[in-house]
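Please look through the sequence and the model below before reading on.

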Amino acid sequence: MKKFLSVLLALCCVLSLFSMTSGAAENVTAEENISVVLQIGNSMMTVNGNTLEIDPGRGTVPVVVNDRTLVPIRAIIEAMGGTVSWDEAAQTAVLGYNNNEIRLTMDQPVAYFNNEAYTLDVAPATMNDRTMLPIRFIAERFSFHVDWNGEEQRITITGELSNSEPTKEPVITPEPEEPPAPANAHALTICFSATGNTETLAETVAQAAGADLARIIPVEPYTSADLNYNDNSCRANQELNSDARPAIEPLEVDVSQYDVILLGYPIWWGQCPPVVRTFLDSYDLSGKTILPFCTSGGSGIGGSLSKIRELAPDSTVTDGFRGTSSTGTAQIDEWLRDNGFVRETVGEPERMAETKVRLSWDNNEVIVVLEDNATTQDFLSKLPMNIMLEDYNNTEKISYLEEALVKDETAAGCDPIPGTVALYAPWGNLSIFYKDWSYSNDLIPMGQIETGLDVLTAMNSDVAVHIDRVE
Ligand SMILES: Cc1cc2nc3c(=O)[nH]c(=O)nc-3n(C[C@H](O)[C@H](O)[C@H](O)COP(=O)(O)O)c2cc1C
């Protein structure tokens, strides 16, 4: 009975029932079916034969905009046992009912039902201080049936009781927990960009990740008329609405060679563009990790991820990242790191076996295997050298070099462990860690101690050290 009353209340309020009374409930005879009738321009409606005000005391009437009916909705959803919350900053109404959620943003023709984007024929609007929302879209998403009688300008909404109790709180499907991207993986940045923003971001992402870069190129390029999303019939909108798969040129890289795909695209109506779907359909990405990123006019990337997960079911799809054409590497590094991505260090083992330096003082010796980057190349060119090592923070031994080293920004970013040798770029000092320390974008990794960590750790005063190359 509780369930019955909830749904009755809900539907009694299909057009803003602030003053719904139990009297109306008593008159409903069909226990499993509800019928609500309303008429354009009429402030009254009938609920299973009972006449009620749509918006008590206010005289609000349903209006038609662009062939769609808009109504005030708050009381409807609340009476359904659902919830309405209002995000003032985002100008978005969040409707929750029966474990489902609809998000509608004022003046935006894109709505989200359980995070899936839908194009609306008419955007939510404010009229006479009332928030007017598209009733057909909402009722149908929440599984009611909507009929339109054009001659009588009448809308009839019918529904059946759902099997589950309505929830008081909107339930948002949580993003699945994803395992992190494999460390030290071979990565490819691949992007689609219609007007260049995402391509610029993709170049920065590729640089930050040390990844190769490739582009998704539509066989038929998009003209500006194709991208005019204000025109319902523009190519981009049509392709999205029909879930099309526009043809793309074969990629200029062999995707099978990569473990990680950094996938970039512009947001189109909250989604990834159809050519990205073509890419996901056309290439075998099973077993790979996909890190999605986007540019947009303001929308987040969240709404586009479910489609990517749907089209790449055997891939690990991580959290997405929204940037702009001027996003810097620091933000990208953070996203990569948060999703378990570690820059590849291809070819390093051979190099490390070859290039070692020796730090010596008194009868002590520390051997460091060097990384191969512009900073270590410069360091090698300055050897032999004499430095003073001092303790810093009970964590590392540091030395301010007489001659500044080249700062290889492309190699920057280091998560020191005991024995890590790095250049701290802001101050230009050499840092030799004997304790674990946190990741820093400002550290340029130079190498790792192979032997002698114990004597370095035991150093208890400033020491003059000689450094030369091990031949
Ligand atoms: C068809 C179409 C739909 C769009 N939909 C949205 C949207 O829903 N939200 C948003 O913030 N921006 C939207 N935009 C704006 C683009 O996401 C934004 O301009 C993006 O940076 C373009 O990237 P590009 O230069 O790489 O093509 C849309 C653009 C087009 C062409």
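**A helix and a sheet**

Within H5, the residues Thr 198, Leu 201, Ala 202, Val 205, Ala 206, Ala 208 and Ala 209 are buried, a residue being called buried if 20 or more other C-beta atoms, placed from the backbone, lie within 10 Å of its own. They all lie on the same side of H5, because they cover an arc of only 160° around the axis, the arc being that of the directions from the helix axis to the C-beta atoms. This is a predicted model, in which local features need pLDDT of at least 70 and side-chain atom pairs count only at pLDDT 80 or more, while totals for chains, interfaces and linings use all residues. Residues are numbered from 1 along each chain as its sequence is written.

The buried residues of H5 pack against strands S15 (187-191), S16 (212-215), S17 (260-266) and S18 (289-295) and against helix H9 (329-338), where contact requires C-beta atoms, placed from the backbone, within 7 Å. Helices (H or I, at least four residues) and strands (E, at least two) are DSSP runs, numbered from the N terminus. After H5 comes Gly 210, with a positive phi near 65°.

Elsewhere, five strands form an open antiparallel sheet in the order S6-S7-S8-S9-S10, two strands being paired if DSSP finds at least two bridges between them. Its edge strands, S6 (83-87) and S10 (116-119), each pair on one side only. S6 is joined by five bridges to S7 (residues 92-97), and Trp 86 stands opposite Ala 93 in S7. S6 and S7 form a hairpin with four residues between them, and Gln 91 in the turn has a positive phi of about 50°.

Methods. A residue is buried if 20 or more other C-beta atoms lie within 10 Å of its own, exposed if 12 or fewer, and partly exposed in between; C-beta atoms are placed from the backbone. Two residues are in contact if their C-beta atoms, placed from the backbone, lie within 7 Å.
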